[in-house]
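Subject: Structure handover

Hello,

Here is the structure for you to take over. My notes on its cavities, cores and pockets follow below it.

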Amino acid sequence: MKHTSSSESFRAIARDLATKFAPRAAKWDQERTYCWDNIADLTNAGLMGMTLPTRYGGQGASWLDTVIVVEELAKACTLTARIVVEANMGGISAIMAYGTEAQKEFVAPYVLAGDKPAICISEPDAGSAATQMTTTARRVDGGYVLNGTKHWITGGGVSKLHLVFARVLDEAGEEQGIGGFIMCQDPENGVDHDGFTVVSRERTMGLCGMPETTLKFDDVFIEDAHVLRPPSGFKRGFADLMNAYNSQRVGAGTIAMGVAAGALDHAKRYLLEREQFGRPLAEFQGLQWMLADMDAAVHASRLMLHEAAQSRGPNGSPFPDIAMAARAKLFASEAAIKVVNDALQMFGARGYGAEEPLERMYRDVRMFTIGGGTAQILRTQVAGSILGIRTPQTRGGY
């Protein structure tokens, strides 16, 4: 697949940074700390907010440019790659697509300075069934008041920008649909919302440096200027907002593929270096076949993700096609688990220990069949696209 010169320049920048990030990756994992040192390097390199239009200070990079950067970073540090995805795709892209000029001018400096926006959708009783959320935004004079709890919010406690999804109620309490609300929590600069609390942080299996938190909203006031109004309005606008998640899914699938590509590189090195029974492991046909299957899986994932990154949804959507994004993330995330697992197997006991990065990579990559759309939900979306029908999962069915 042919890439533009800009894509190749982004790749060169990412590869250079990856050499700095690789030795640090174990630190963030072991200490469960956010990678602020890496954020500074990403910011200086212009990779935070690289997809923002140039008039807002970004580089106007494409989804494909971002995917190329994310793969190179994910080979070295999954945590850092995930931050780059969320600083260029998902929540921030929804604001740049649907927000007012004032909203875009407000959020851009935060992202360019290193902030990773937190997209707040999931709740304790509303995960895959996102439309069952109970967080509300009631209309009051001058804005809306948020009440509810969000769970598994990536970056909670470190992110300043939040895109909060909530059920919109009018003054009389009548539901209007689901909307998005831009909330900035930046006490150091005098932006502090009363009633907003980081309740707890999950102790996760992998990506240990990334906070996954429960956030609570008790009468949090959001002024009208920070209400994100999608083109279809509140009644049907949830679909517009979720279209932005198609770019996020391409990004998440790319992280998984990048981790797998990194594991493949480690496996190749080890097979050439390690000797058993008087000869290099690379000479054993069983391991050669494993390596070939791993390479094919990574290559197929890359092609699907690049295809999805360059696709567009219907009706002039600026975001990737929903079925292509779902298919690519589904395939890449499941393939990556097997590739990393096989790489670890090749290292034997050494791979199971912390001397090599494989055990960390295995823990990290396991998340990507869950977060951002489970493998099962993605299969349902792909099947619906193939059949040309809606595939509701509610008890009432069709």
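E86, M89, G90, G91, I92, P117, A118, I119 and Q248 form the lining of the second largest cavity. The elements that contribute two or more residues to that lining are α6 (91-98) and β1 (118-120). This cavity holds about 40 Å³ of space. Sorted by class, its lining has five nonpolar residues, three polar and one charged. Please keep in mind that this is a predicted model.

Cavities

Searching the whole structure gives two cavities of 30 Å³ or more. The volume of the largest cavity is about 80 Å³. Around the largest cavity are A25, W28, D29, C77, T78, L79, L207, C208, G209, R360 and D364. At least two lining residues come from each of α2 (25-31), α5 (78-86) and α12 (358-365), and α2 has the largest share, with three residues. By class, the lining of the largest cavity splits into six nonpolar, two polar and three charged residues.

Second largest pocket

The second largest pocket contains about 340 Å³ of space. Its lining is made up of 20 residues, and those nearest the centre of the pocket are A22, A76, H266, P357 and R360. Two or more lining residues come from each of α2, α4 (63-76), α8 and α12. The lining of this pocket has 10 charged residues, along with seven nonpolar and three polar ones.

In soluble globular proteins, nonpolar side chains tend to be buried together. In this model, the largest nonpolar core has 101 residues, and L42, L73 and F165 have the most contacts inside it. Helix α8 (residues 233-273) gives the most to this core, namely 17 residues. What does F165 touch, leaving out residues up to four places away in sequence? Its contacts are I119, C120, I121, M133, T135, K150, I178, G179, F238, L241 and M242. One of these, I119, also lines the second largest cavity. F238, L241 and M242, which F165 touches, fall within the residue range of α8.

Another core, of 18 residues, lies apart from the largest one; its members include A137, I153, F196 and V220.

Regards

Note on methods: Residues numbered from 1 in each chain as written. Predicted model: local features only at pLDDT ≥ 70, side-chain atom pairs only at ≥ 80, totals over all residues. Heavy atoms only, no water. 1 Å grid on protein atoms, 1.4 Å probe; cavity = no way out; pocket = protein on both sides within 12 Å on 5 of 7 lines; lining within 4 Å. Points joined across faces, edges and corners; volume = space filled by probe spheres on them. Helix = DSSP H or I, 4+ residues; strand = E, 2+ residues; numbered from the N terminus. Nonpolar A, V, L, I, M, F, W, Y, C, P; charged D, E, K, R; others polar. Core = buried A, V, L, I, M, F, W, Y, C linked by side-chain atoms within 4.5 Å. Buried < 20%, exposed > 50% of the residue type's maximum accessible area, 1.4 Å probe, protein only. Contact = heavy atoms within 4.5 Å.
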